[in-house]
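Let's take a friendly look at a model of two protein chains. Keep the picture in view as you read.

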Amino acid sequence: MERLTKTYNKQVNTLMKTCMDLEMFNVLSGLLRPWLRHCTNLAKGSSAAAFLTPLHAVMGGVLQFVVNLLNYSTSHGRKFRHHLSADSDFIEEVVLPYLVLSTNTVHSATQAGQLVSGRGVYAVRCPMQPAF
Amino acid sequence: MCRCDVAPDLDSIRLALRVLVVSTFKMKTLRRYFRENNFSKQMLGMNSLMADDRVLALIIKLNINIDFTIPPSNTPRRMSHVERVRR
């Protein structure tokens, strides 16, 4: 198991370095930026849930990839974080606009009375309330 | 990785916040943006997001990275290795 974990970490390190060398996050931000801008413009007008579903799926995958790279690598961590925040415009052009768009969508959905989370607000805020 | 009891957009928000927390740790590049746009205050105002304790934890971590790791401006600058060797 240890040997497998070491091999896995080594492969993740290689993947991380390759992503940095190929400037993959610049390419990704170039692809995602127009889509995000389009969705932001659409979200201003009508209900956003229908056309945001594919965007959530894609962004969820990309962000999970970044988190996995950071979680399972054993080296290049600082270099990769610097690459994300300074060398590429991924954070500024993709992650931050997406976060703003998602929070606005969640906020408007909550105001419209839709269920956002499986857990109720009251259940999380007041876990010790008696069940009556 | 994906928790099935949470709507996908809330999951994505949590992932995006995790990426931001990681990328602001000991990095000065994004702090200015967060300070100028009052981003965390906007998020703290949303009850639907604050209902999730994990989102709240991530916002606290983000604020720690942004606000509490920079010394005040009157603190003397730490000397570089070259300066220390010269002394």
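## About the model

This is a predicted model, where local features need pLDDT of at least 70, side-chain atom pairs count only at pLDDT 80 or more, and totals for chains, interfaces and linings use all residues. Residues are numbered from 1 along each chain as its sequence is written, while chains are lettered from A and ligands numbered from 1 in the order in which they are written.

## Chain B

Chain B has 6 helices and 0 strands; these are DSSP runs numbered from the N terminus, with at least four residues (H or I) for a helix and at least two (E) for a strand.

Of its 87 residues, 32% are buried, meaning that 20 or more other C-beta atoms, placed from the backbone, lie within 10 Å of the residue's own.

## The nonpolar core

A nonpolar core is a set of buried Ala, Val, Leu, Ile, Met, Phe, Trp, Tyr and Cys residues joined through C-beta atoms within 7 Å. The largest one has 39 residues, and those touching the most other members include A:Leu63, A:Tyr98 and B:Leu17. Among the elements giving two or more residues to this core are helix H1 (2-21) of chain A and helix H5 (53-67) of chain B.

Which residues does B:Leu17 touch, not counting those up to four places away in sequence? They are B:Val55, B:Leu58, B:Ile59 and B:Leu62.

## Confidence in chain A

pLDDT is the predictor's confidence in each residue, from 0 to 100. Chain A averages 79, but pLDDT stays under 50 over residues 115-132 of chain A.

Notes: A residue is buried if 20 or more other C-beta atoms lie within 10 Å of its own, exposed if 12 or fewer, and partly exposed in between; C-beta atoms are placed from the backbone. Two residues are in contact if their C-beta atoms, placed from the backbone, lie within 7 Å.
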